[in-house]
Amino acid sequence: MSNRAPQNNQSFIIEGASCASCVSKIEKALHNVQGVDVVEMNFAQRTVSIDGSADETSIIRSVQDIGYNAKPMNSESEQDALDEKAQADDAHYKVLMRNMYIALLVGVPLMLYGLFIGDMSVNTFNQRAAWFVVGLITLGVMVLTGNHFYRGAWQSFKNHSANMDTLIALGTGTAWVYSMVVIVAPALLPEMARHVYFEASAMILGLINLGLAFEVKARGRTSEAIKRLIGLQAKTARIVKGDKEQDVSIEEVQLNDVIRVRPGEKVPVDGEICEGKTTVDESMLTGEPMPVSKTSGDKVVAGSINKTGSVLFKATHVGKDTTLSHIINMVKRAQNSKPSIGRLADVISGYFVPIVMILAVLSGLTWLNVGPQPTIAYAIMAVTTVLIIACPCALGLATPMSIMVGIGKAAEAGILIRNGEALQTASRITTMLLDKTGTITKGTPTVTDVILFNEHKENDIMPLIASLESGSEHPLAEAIVSYAQDKQYTTSQVSDFDAITGRGVTGELNGERLLFGNQALMNQYDIDVSRGVEQAQTLANDAKTPMYFARGDTLTAIVAVSDPIKSDSVDAIERLKKKGVHLVMLTGDNEATAKAVAKRVGIDDFIAQVMPQDKVNEVAKHQQNGEIVGMTGDGINDAPALAQADVGFAIGTGTDVAIESADITLMRGSLHGLVDALAISQATIRNIKQNLLGAFIYNVAGIPIAAGVLYPLFGILLNPVIAGAAMAASSLTVVSNANRLRFFKAQKP
Amino acid sequence: MLYVNVLGIALIAAIVWWFWLYKPQQVVSNNNQVNIVVNHGVYQPSDIQVKAGEKVNLRFDRQDSAPCAEMVIFPQLDISQELSMGTNNQLELPALDRGEYDFHCQMKMYTGKLIAE
């Protein structure tokens, strides 16, 4: 490898180049771009090919600067790719259906003839001649409708591998070759065994093509969710430059472009509103059904729908960096990951086909050795049926199909699941730790009570507390500061500021020591709080967090802050309890406040005064008891605990949440999202188990029956045509069962 | 009958040898750029030796419209990519540690292996 800067070749479509003289102009401009080595423009096709290390953006810019436009050639949008895929699927479906009709057109009459009119034995010369013609027609059908299987079988055989094609090719091939031997060289076989099976080959191909056609359709539906997400991407954006507005394609939007969205339009990229007011529907992304009102300075995300006002916003994330792109990528990746429950099926699939081939040979040998006369006819029947009935597809499809639908369905409800393993573990959670702030409560504490001692006035004291707290980053401090701002108190600079974790803050103002914090802080400085203890207790019992303020050595005030409980937390917790999950609330609050909140929302178990760093230990402690622990928190402060938990759930309000920070991200702020996430996980895993069980039973029972184990007892030997139908039905059953997950309903608050 | 049984058992032995015991030939890539054709149920080439410690560029040429072929998954690397029809399926893998890396379709009917040396 060389050490030079990466060299690559990029191609662009040039728009607006109408004359041949443009070519030299464009080439010249491109040559001036740093990192461009070779430029070749094809005027006939309006394309330009560039070698060198220059990046795409600067190339596009340089072309735009001289009045043309350049679009990267290979960057087809995801929507285009989807459309292309839908078209390809459609074409494939048509081919399969055509194959099915052709094969059944020959197969059905042959089968009916065999059943109702004549036996299909070959004795006289005329019979031989007639059947020979039928044999050739069947061969034609096989080539026409099954060449994909035969080629596939041959190619994989050459590569020392075997797949479904191998089984179909061998099964139908065996039936046809045997029948031809009967016709061409009947003397080789006992009279009773001179029977042809052309109808089997044709029918099997017809049924398998039909099964595959249905499968293509059903598979298309499994990716509905991702299609819907991709469909949220706008195709164009209206860029504002000076007093001009221009529609450009979404790929051309650059960072810091100013974009206008009108009511009813989709927000094309992520950005920050710089002018105007509106409400935005983010439900497709977050599952949050209520439109959110936005004004200057608020963030908007690509894919949300602008409802009421026309706004201007500045692009902050474009292309692959938008929240929507991240969501799409994560969902796509997760849909293709496999939980461990599917691994066994994988291992089996790897050995499945050769094992079936061996079983087919063994069953053939058994019929030949101990079977009734004519042994060869029975043996051929058994071999063909075993080969055809075995269905590695059902086994292989069982897990991925359900995961695809389950993870997609979750995404629609604003639940982003990182991978299949997270989904599987989530379905088994026994204990759920819930961080109080921001999870059960809104996470926006507000000042509710100010109690003053010694006839102080609020407008003397609160400015002091606010001054002290403005240095702190604690969420409770924010509540105090914004309270002071609302009341327009002026704050001053505090000296000797110190924040004592888990206790409070201290500082000095005008030569006076100020203390603000809990009882532990007061005790540390020997402040007598006896006159306030009772009031503090009352506040705490009311689910508020009381804090003491001491000026010098005397208790001066108690300020209570309360973080309102989310309106639907109680309902959601009720649902969680019904699922049999043991709930534990974690909070930094004092015992009394914690107890009051826990009681209000219906949680029996809580741990109060937990320092942020101790949350990890709480998770570990529960894990040591053999529990499967989920942890729900805001994803930022709780990140270590989320990582320690078996499944970490990051809960965020709207689109602010850091996606990918946890195993499962709940875009909707509501705790209902958590219950839904557990419910979807459980439903998906149940679905996978059904699929796997079905596929195992089908193969484990089907193959021996096909081999003829029921024959000695009941005289039952399956017809290869039935095997073909059963095989087609089995994989279709798996895909359809997975599709049932689409009807899962998330709880909308 | 004896011949038939011997023939049958030989056939079983042949199946075991051909599909399980035989080690396919490796394709050695010196520049870590590999074109893989996806068609007829196989990746070609399917056993590929690449250099460890350098990025690997794979280009999948999907010629098979069967839904089986539409996804390639590298389970050890947690990478998966949808393959559109045709040649425009670039997949860049990070520099690999020495070892074997499987890749396969969703159903494991298409299988292949990268060996980083």
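A crossing counts as left-handed if the near helix is turned anticlockwise from the far one by less than a right angle, and as right-handed if clockwise. With that settled, here are my notes.

1. Ground rules. This is a predicted model, where local features need pLDDT of at least 70 and side-chain atom pairs count only at pLDDT 80 or more, while totals for chains, interfaces and linings use all residues. Residues are numbered from 1 along each chain as its sequence is written, chains are lettered from A and ligands numbered from 1 in the order in which they are written, and side-chain values use heavy atoms, with hydrogens and water left out.

2. The helix pair. H12(A) (residues 392–412) packs against H23(A) (residues 672–707) at about 165 degrees, the axes being 8 Å apart. That makes the two roughly antiparallel (the label applies to angles over 145 degrees), and H12(A) passes H23(A) in a right-handed crossing. Helices here are DSSP runs of H or I with at least four residues, and strands are runs of E with at least two, numbered from the N terminus. Axes are lines fitted to C-alpha atoms, for helices over the stretch in contact, and angles run from 0 to 180 degrees between N-to-C directions.

3. Annotated spans. An unreviewed UniProt entry gives "transmembrane region" for stretches of chain A including 167–189 and 348–370; such annotations may be inferred rather than shown by experiment. In the model, residues 348–370 are 100% helix, with end C-alpha atoms 30 Å apart. Residues 167–189 are 78% helix and 0% strand, with the ends 25 Å apart.

4. Strand S8. S8(A) (residues 270–275) is joined to S13(A) (residues 311–317) by five bridges, antiparallel. S8(A) also pairs with S11(A) (residues 299–300) in the antiparallel sense, over two bridges. Pairing requires at least two bridges found by DSSP. A:Glu272 has A:Lys314 as its bridge partner in S13(A) and A:Lys299 in S11(A).

5. The open sheet. Three strands of chain A run in the order S10-S9-S12, with antiparallel pairing. S10 (292–295) and S12 (305–306) of chain A are at the edges with a single partner strand each, so one side of each lacks a neighbour in the sheet. S9(A) (residues 277–281) meets S12(A) through two bridges, and A:Asp281 has A:Ile305 as its partner there.

Note on methods: Angles under 35 degrees count as roughly parallel, over 145 as roughly antiparallel, 65 to 115 as roughly perpendicular and the rest as oblique.
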